[in-house]
Amino acid sequence: MAHDHHHDHHHDGHSHGHEELERPWQAVRTEAVESLLADLGIIDPARVDEIVRYYEEKVGPKTGARVVAKAWTDPEFKARLLANGLEACAELGIGGPETEYLHVVENTPEVHNVIVCTLCSCYPWTVLGLPPAWYKSSAYRSRMVREPRRLLAEMGLPLQDDVRIQVWDSVSEIRYLVLPERPAGTDGLTEEQLIEIVSRDSMIGVAKLPVQDQGSQS
């Protein structure tokens, strides 16, 4: 379900800074449990790191970046992706339980989409990898619905008042992926080069991709 926001009301009281999104209590507890299990010899930290790298590099944001780059360079694929994200991703051999009912939403100069899960941390792991700690934090989950424009600005993405913000609430039945705007200066880049400039945060909707210097890509 999407929530539209043109202007956000300001609230009195404490304003939660971006730093609060970095270290939710779940992350601290997980690290403590991992350390304890490692001390007891129950788990191997190296194996845990290997699993994390797998999700970050094999199943992670690079997979989503492939989808984005393909949509930027193939208008027919883009149309299929926006119509049915799951089927379009399957064309690239991408799929799995976390991409069931995948819905892709496109950013434009007039509309900015951002993803949140207000209940827990529903997230398309197969295309974006492990969710960042701030995505699971209570501050992000509550404030992105209540005051998205202010929170995005605090996270380094100020948006003009005439840009409509759509907040999409992920649930167990559906996951969302943001198709970011293709940045200026990328007309001459290959699909593989485009993959390298797509960030995880741009596919969540909390960042925009910067204008590219084509000379640096040659």
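This is a short tour of a predicted model, one selection at a time.

Residues are numbered from 1 along each chain as its sequence is written. Because the model is predicted, local features need pLDDT of at least 70 and side-chain atom pairs count only at pLDDT 80 or more, while totals for chains, interfaces and linings use all residues; side-chain values use heavy atoms, with hydrogens and water left out.

**The whole chain**

Start with everything selected and a cartoon view. The chain has 11 helices and 5 strands; these are DSSP runs numbered from the N terminus, with helices being H or I of at least four residues and strands being E of at least two. Of its 218 residues, 40% count as buried. Buried means under 20% relative accessible area, exposed means over 50%, and partly exposed is in between (1.4 Å probe, protein chains only).

Switch to a surface. The chain exposes about 11600 Å², and carbon and sulfur atoms supply 53% of that area. Accessible areas come from the Shrake-Rupley method with a 1.4 Å probe, and for residues only the protein chains shown count as cover. Among contacts (heavy atoms within 4.5 Å) with a separation of 6 or more, 74% are between residues 24 or more positions apart.

**Stop 1: T73**

Select T73, in helix 3, which covers residues 61–73. T73 counts as partly exposed because its relative accessibility is 36%. Which residues does T73 contact, leaving aside neighbours within four places in sequence? They are R182, E191 and L194.

T73 and E191 are 118 residues apart in sequence, yet their C-alpha atoms are 7.0 Å apart in space. Their side chains are joined by a polar contact of 3.3 Å. A polar contact is a pair of N or O atoms within 3.5 Å; within protein, one must be able to donate a hydrogen and the other to accept it, and residues adjacent in sequence count only if both atoms are side-chain atoms.

**Stop 2: L40**

Move to L40, in the loop between helix 1 (25–39) and helix 2 (45–58). L40 counts as exposed because its relative accessibility is 58%.

**Stop 3**

Select both cysteines. How many disulfides does a search of the whole structure find? The search finds 0, a disulfide being a pair of cysteine sulfur atoms within 2.5 Å. The closest cysteine sulfur to that of C120 is in C122, 3.7 Å away, so the two are too far apart for a bond. C120 is partly exposed, at 37% relative accessible area, whereas C122 is buried, at 11%.

**Stop 4: S170**

Select S170, in the loop between strand 4 (164–169) and strand 5 (175–179). Is S170 buried or exposed? S170 is buried, with a relative accessible area of 0%. Not counting residues up to four places away in sequence, S170 touches I115, V116, C117, C122, Y135, R175 and Y176. C122 from the previous stop is one of these.

**Stop 5: S137**

Finish at S137, in the loop between helix 6 (125–128) and helix 7 (138–146). S137 counts as buried, at 3% relative accessibility. The S137 side chain reaches the backbone oxygen of W134 at 2.7 Å. Bring C120 back into view: S137 and C120 are 17 residues apart along the chain, and their C-alpha atoms are separated by 8.9 Å.
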